[in-house]
Amino acid sequence: MLLLDRVEYRRVETGEDMEDIARLRYKAYKAVNLMELTGSTLIDDLDFDSHAYVFGIYLDENLVSTVRVHHVTPEHRASTSGLIFGPEIDVFLDAGMVLVDPGRLAVDPDVTGDEMRALPYLTLRPVAMACEYFTADRCLTACRPRHAASTSAFLRRRPLSPSARTSASTMPTVRCWLRR
């Protein structure tokens, strides 16, 4: 059986499923010390925004990764990137552009083997589909400085802004964007 045949994508809309997503985020972020964590889950108000789509990626019916996709428009500007890089993103939105802003990507650190190598690609599929579905002019990506080169090469992206610090993390963040 091919790996993709074993994968299921689910939009998360219920409280119980959201709790599973929150636990996976917490576990993944804690494993790599991505940010300062409080409590044992990781959910925020943007998970419930009307233009946010939270996806769970299941391998053999087990939740193995997640991503939140924001559909950002001039009329609806709520997004993770907007919290950090508002002025840079407002330039695009003020020009009438439509953006897709993925965030809260998390991969189960206990998944190993061939599946692990494929998970980043499998997790980004809903992002690519959202770009097509919403006819996005740009797709934004936040990444840590050490991942900037591979993100830039893999996704053909270039920096939108210099590094910035988020209030939730001591790690600098780089914002990149993709031309359509």
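Author: The expected span of a helix is 1.5 Å times one less than its number of residues. For 15 residues a straight helix would span 21 Å, but helix H2 (residues 80-94) spans only 18 Å between its end C-alpha atoms. Helices (H or I, at least four residues) and strands (E, at least two) are DSSP runs, numbered from the N terminus. This is a predicted model, where local features need pLDDT of at least 70, side-chain atom pairs count only at pLDDT 80 or more, and totals for chains, interfaces and linings use all residues. Residues are numbered from 1 along each chain as its sequence is written, and side-chain values use heavy atoms, with hydrogens and water left out.

Reader: Where does H2 have its kink?

Author: A bend at a residue is the angle between axes fitted to the seven residues ending there and the seven starting there. In H2 there is a kink of about 110° at Gly86, shortly before the proline Pro87. After H2 comes Gly96, with a positive phi near 90°.

Reader: Which residues of H2 are buried?

Author: Buried means under 20% relative accessible area, exposed over 50%, partly exposed in between (1.4 Å probe, protein chains only). In H2 that gives Ser81, Phe85, Gly86, Ile89, Phe92 and Leu93.

Reader: And where is confidence lowest in the protein chain?

Author: pLDDT is the predictor's confidence in each residue, from 0 to 100. Where it is low, the predicted coordinates should not be read in detail. Strand E7 (residues 172-179) is lowest at a mean of 46, and strand E2 (residues 52-59) highest at 96. The mean for the protein chain is 80.
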